[in-house]
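Hello,

Here is the structure I promised to pass on. Please look it over before reading my notes below.

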Amino acid sequence: MNAITTPDNVVVVGNGQAGIQLVDSLRKEGYTGAITLIGEETHHPYQRPPLSKDYLAAGKDPVPLPLRPEKFFTTHDVDARLGVRVTSIDRTARTATLDDGTTLAYSTLVLATGAANRELAVPGADLAGIHGLRTLTDAQALHARLDTVRSVVVIGAGFIGLEFAAAARARGLDVTVLEYADRPMGRALTPVMSGFFADAHGRLGVTLRLGEGIASFDGDNGHVTAAVSTTGHRYPTDLVLVGVGVTPRTELAAAAGLDVDNGIVVDGSLRTSDPNIYALGDCASFPNTHAGTRTRLESVQNATDQARHAAAAILASRPGKEPGSGTGVESGSMPGSEPAGGTGAELGGYADLPWFWSNQGPLRLQIAGLVAPGDQTVLRGNPAEEKFSVFCFRNGTLTAVESVNQPADHMAARRLLAAGLPLTPEQAADPDFDLKAYSKQQPATV
Amino acid sequence: MANITYHHAKGNVDSLDAEPGMTVMMAAVIHGVDGIIGECGGQAICATCHVYVRDEYLDGLPAISGAEEEMLETTVSPRNPARSRLGCQLTAGDHFNTIEVDIPDEQD
Ligand SMILES: Cc1cc2nc3c(=O)[nH]c(=O)nc-3n(C[C@H](O)[C@H](O)[C@H](O)COP(=O)(O)OP(=O)(O)OC[C@H]3O[C@@H](n4cnc5c(N)ncnc54)[C@H](O)[C@@H]3O)c2cc1C
Ligand code: FES
């Protein structure tokens, strides 16, 4: 391998939220070499979050929101290939092979392959009328069917399942949600917040069955007619939405011999066990300073902030500088608005504050930081008014804040957590304590 | 059809027809108006759709919600007390039939 003679060619596998942001950031930071972006979906790259929310509302065919306009690839000089899949990587030759037979040489390879829906293995799981929701194609199929069905069953009370449930209720459909665990969104929320959402969905008219997993589906003529739960209950239905989580798309990385452990293993620079290959977004398992352990996160924030960081890391690590590009830019300096900060060799590890949102009918949930089991929780505001926040503390230190219809608390929490500004449980609970003013003492870094 | 005109800092202009229900953000993102990204898909939580509405079109716009207010405090370009809005909160048909906005410098 000879790093010096390799022409600059960044090859990006996956044109989702992370891949597109990476390309954008590379150009913004002054990279002028070649970029090839490969995505197996045939659609122009689009935003996923609306697919389980606005996109499902009744009415004429909705328009997907593009991640960037169509002219982006021309203006940013990107060789974008849609509808082709990368099938293998040769790390010694530094090439990627596509399913159309092309082989591409890379100087840096970026894996932004995302995640795939977990599928059910129960009897009847392959009946028609059982849907997943990850891609625009999935959402188009659901949108078309929702006009003709009266009842739906959702398997799994996670974010996507409950967003779908709220959207289906808003269309007046009967909605039953089966959840194996004893509370909704249990992996990501405090028990207090889970409990609030269980009640709130009840008020929306959703039937939420906790402690009931899916055992099998009944069908007629190849089409689903009922879901049978692990407790033996039978729920007649016209349509089933399966939202039981995702698995990271690690197949390429694993086949190429990269370290994989619930995601493609990367270091703080988002670099895999091969220094010429990076991974980011839903598919990457990274050392998470906010969790104190290695995690994989699935959010827009994680995908875009990691992409900005990886772009800087890629430019900082290049052996030769871009001829003719501006000073300093190519050594990886980042604009002031970027919290990861640092230039060139001093570029620190990825440490951006995780945040997330989920809109379920009238409920706007926002989370700053990461909730962990056993956190002490303090309420601010009134759950009965559907406007409140849950502040989480570990050993007296603020770790995360969950807010419902309280965007001011959420933004204050992001400022506090990003700046490491101390807050006591008493202050958090005190309605007279001016959280917003206090959080603005420090220069905002969110 | 409503009409939306986007004035760029460099002086160039994009003018688009938008169906009722389209927001200032969506129309820009779909048609490739520079300077508006819409990273949160229109949920008023990213501020990448910040615009300055021209004075003569301020009437008829909806009140600024709590969520929009928070985001307007975090915009990359400075907030204009009267004219700053999130493009995703301004809907053709509901709030305007014709509107002209300026794209903030730092976004463009
Ligand atoms: C319905 C839905 C709602 C969501 N709502 C929210 C929300 O409200 N808030 C939030 O923060 N997040 C939300 N998310 C999560 C967010 O969309 C993801 O975290 C984000 O899209 C991850 O970006 P990514 O680029 O890592 O992966 P993806 O967006 O999944 O992109 C990966 C792309 O790579 C392609 N690919 C994979 N392997 C190959 C290969 N070998 N060759 C070519 N192409 C390949 C895939 O087809 C895919 O298009 C939602 C997700 C979904 C599905
Ligand atoms: S699109 Fe995110 S705030 Fe408007």
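**The interface of chain B and chain A**

Between chain B and chain A there are 5 salt bridges, a salt bridge being a side-chain nitrogen of Lys or Arg within 4 Å of a carboxyl oxygen of Asp or Glu. One salt bridge pairs A:Lys71 with B:Asp34, with 3.4 Å between the closest N and O atoms.

Before the rest, some ground rules. This is a predicted model, in which local features need pLDDT of at least 70, side-chain atom pairs count only at pLDDT 80 or more, and totals for chains, interfaces and linings use all residues. Residues are numbered from 1 along each chain as its sequence is written, chains are lettered from A and ligands numbered from 1 in the order in which they are written, and side-chain values use heavy atoms, with hydrogens and water left out.

Polar contacts come next. The rule finds 9 residue pairs across the interface of chain B and chain A, both residues at pLDDT 80 or more. A polar contact is a pair of N or O atoms within 3.5 Å; within protein, one must be able to donate a hydrogen and the other to accept it, and residues adjacent in sequence count only if both atoms are side-chain atoms.

On the side of chain B that touches chain A, α1 (24-31) and α2 (66-72) of chain B are the elements that give two or more residues. Helices (H or I, at least four residues) and strands (E, at least two) are DSSP runs, numbered from the N terminus. By class, that side of chain B has 11 nonpolar, 6 polar and 5 charged residues. Nonpolar covers Ala, Val, Leu, Ile, Met, Phe, Trp, Tyr, Cys and Pro; charged covers Asp, Glu, Lys and Arg; the others, Gly among them, are polar.

The contact (heavy atoms within 4.5 Å) involves 28 residues of chain A and 22 residues of chain B.

**Within chain A**

An open sheet has 3 strands in the order β13-β14-β15 (chain A), paired antiparallel. Strands pair if DSSP finds at least two bridges between them. β13 (214-220) and β15 (234-236) of chain A are at the edges, each with a single partner strand, so one side of each has no neighbour in the sheet. Antiparallel β13(A) and β14 (residues 223-229) of chain A are joined by 6 bridges. A:Gly219 lies opposite A:Val224 in β14(A).

Over all chains, the whole structure holds 28 salt bridges. Among them is A:Glu40 with A:Arg85, at 3.9 Å from N to O. These two residues are 45 residues apart and link distant parts of the chain.

Best regards
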